[in-house]
Amino acid sequence: MSIDVNQEAQDLVERLEDEYADDVTVEDVEEKIQSFVDFGVTGDEAVQGAVSKLSNELDASRGELFGESDSDEQQGDADFVSIADINSEDEWVSLNAQVTHLWDNDSDSISQVGVLDDGSSSIKFVAWSKSDVPLFTEGETYDLLNVVTRKEEYDGETRMAVHLNSATEVEMSESEVTPSTEEQTITGALLSLQSGSGLIERDEDGQVVDSDYEGETENDLRIRAVFDTGDSVYTVYLGQEITEAITGITLEEAKSMARDALDRSVVQDEMEPMLVGKYFTVTGNIRGDAIFASEFEESGPVDADVDNLLVRARSL
Amino acid sequence: MSESESNSSQSNRPSREQAVRLFAEELQQVVHEYTDGDGDYAPNYVLLPSGRNANRVFIIGTLMEVEDIGEDDEYWRATINDSTGNFMAYAGQYQEEAAATLSQIEPPEFVAVTGKVKTFETDEGDLLANIRPETFEIVDEDHRDRWVVETAEQTLDRLEAEPSEDIAALLEEQYGEDLDDVQDSVREAVVRALENLQENQED
């Protein structure tokens with residue numbers, strides 16, 4: 001993310017306490033910020049880098065330079081948020097997340113770069129060398145207090161990231177996080193099909209649309225169902241391939257069923273008795289209460305240790 | 001699957017009540033129904049003697065009998081046995097899907113039923129709990145067996161766990177000194193269901 005270095009420098013000088021204002025020029029600050037920008041440091045971190053240099057040269061703390069009310073220093077720690085809820089930049093937040101991946105890093109100004117995941121979603125993180133946070137270990141979960149949200153552009157796509165800077169504190173976390181990107185396998189009962197199952201229509205962007213939609217559409221086959229383990233309730237999504245395999249109805253057959261009946265909903269009606277009230281084992285990514293299935297199988301004969309359960313029931 | 005679909009599934013609607021697994025014996029021991037919160041849409045619960053509440057249940061058993069007991073409109077009563085006792089399920093015009101299945105089905109069959117628990121009071125003042133089915137489908141024996149094992153496990157989990165303070169207070173208030181006996185009948189029902197499963201598997 002590029003910044004207006006001159007503007008940042010002017011802003012910074014204006015915020016200086018009077019006693020330092022005469023010792024520091026805009027050009028001087030501009031040069032300091034630019035030196036970080038030249039090293040690939042962007043945005044607020046470059047400004048903070050310049051502040052650190054100033055603070056060293058003038059032998060004054062940030063508080064002394066800018067007065068107590070300086071807004072870049074957090075008043076207490078930022079609130080904990082879910083990664084899935086991060087959607088605007090320049091917010092101070094705290095996270096409880098697992099470091100799921102560490103990426104190669106050949107920049108001196110960056111100590112580590114990788115991926116954080118808190119079960120709701122994943123996000124890229126950048127830890128600046130000057131942040132002084134301890135080195136992360138892949139697979140460990142941490143509390144990260146006071147990180148800054150950023151927008152980054154990749155191949156024309158905007159993605160969110162978080163940056164760890166000198167205000168960031170990191171602690172090992174007691175809690176276990178199950179990463180959202182990790183596939184899980186769950187057995188449960190499929191209790192009902194939700195509307196939008198069977199033969200559906202998608203618009204050019206892949207969004208599911210109803211029959212009133214007037215633009216170009218393409219047919220698709222999918223299932224959206226309530227999946228219940230007795231303890232938790234999920235919405236499971238089965239794509240075309242799995243839907244065809246589990247119901248034995250292909251997209252072409254579904255289209256001809258709908259044509260004969262002049263009604264798309266006959267496809268869902270046909271699928272319901274095949275699936276509802278039965279136990280299945282699903283493998284897939286879990287996002288919130290949604291499971292996106294990569295595998296979906298009807299459960300076979302029960303293989304539980306009934307003797308053991310009987311011992312447990314009799315001895316209670 | 002596109003992003004917007006995953007987002008829409010996480011909208012701010014209240015989360016769906018999970019379907020409690022329980023044997024018929026435990027539903028027959030229910031003596032208390034209550035509403036949690038205010039307003040027309042506040043959910044209804046029955047107090048389960050094993051130590052939790054239930055709004056929705058999921059059962060699998062043998063359909064024993066189906067009868068249309070409606071006077072003008074169709075109103076179906078289904079009797080479903082799980083080897084510990086009978087569940088009663090009632091389906092009328094507002095349980096369209098279940099009623100459609102019940103109008104065609106011929107007992108006996110293994111059936112899977114998901115629905116809300118309702119109660120009514122007899123002339124003698126006893127509370128009878130039954131099921132208002134949302135779905136009613138024929139399944140095979142493997143699914144029935146899996147349900148028996150899962151229901152046994154989850155019922156034992158409930159009996160072994162310490163109930164929440166609210167539930168503990170309700171249990172004390174509703175069952176008093178009978179609580180131990182009632183919980184023992186639920187435990188014995190688990191034993192009966194598992195023994196029955198073992199006998200079927202040996203055949």
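Mentor: Chain B has six helices and nine strands, where helices (H or I, at least four residues) and strands (E, at least two) are DSSP runs numbered from the N terminus. Before the details, note that this is a predicted model, in which local features need pLDDT of at least 70 and side-chain atom pairs count only at pLDDT 80 or more, while totals for chains, interfaces and linings use all residues. Residues are numbered from 1 along each chain as its sequence is written, chains are lettered from A and ligands numbered from 1 in the order in which they are written, and side-chain values use heavy atoms, with hydrogens and water left out.

Of the 203 residues in chain B, 48% are buried, a word that stands for under 20% relative accessible area, with exposed meaning over 50% and partly exposed in between (1.4 Å probe, protein chains only). Of the contacts in chain B with a separation of 6 or more, 64% come from residues 24 or more positions apart, a contact being heavy atoms within 4.5 Å. The accessible surface of chain B is about 10,200 Å², and 39% of it belongs to carbon and sulfur atoms; such areas come from the Shrake-Rupley method with a 1.4 Å probe, and for residues only the protein chains shown count as cover.

Turn now to the sheet. Three strands of chain B form an open, antiparallel sheet in the order β2-β3-β4, where two strands pair if DSSP finds at least two bridges between them. Its edge strands, each pairing on one side only, are β2 (33-35) and β4 (52-54) of chain B, and the twist from one strand to the next averages 40°. Strand β3 of chain B, residues 44-48, is joined to β4(B) by three bridges in the antiparallel sense, and B:L48 has B:R52 in β4(B) as its bridge partner. Helix α5 of chain B (residues 165-175) packs on this sheet, touching β2, β3 and β4 of chain B, and its direction makes about 70° with that of β3(B); for such angles, axes are lines fitted to C-alpha atoms, for helices over the stretch in contact, and the values run from 0 to 180 degrees between N-to-C directions.

The ring pairs come next. The structure holds eight aromatic pairs over all chains, counting rings of Phe, Tyr and Trp (its six-membered ring) whose centres lie within 6.5 Å, with planes under 30 degrees apart called stacked, over 60 edge-to-face and the rest tilted. In chain A, the rings of A:F280 and A:F296 are stacked, because their centres lie 4.7 Å apart and their planes are at 15°. A:F280 sits in strand β12 and A:F296 in strand β13 of chain A, 16 residues apart, and both are buried. In chain B, B:F23 and B:W147 form an edge-to-face pair, 5.5 Å centre to centre with 85° between the planes. This pair links distant parts of the chain, as B:F23 lies in the loop between β1 and α2 of chain B and B:W147 in helix α4 of chain B, 124 residues away; B:F23 and B:W147 are buried.

Finally, consider the contacts with the neighbouring chain. B:R187 belongs to helix α6 of chain B (residues 179-202) and counts as buried because its relative accessibility is 12%. Leaving aside residues up to four places away in sequence, B:R187 touches A:A313, A:R314 and A:L316, together with B:L159.
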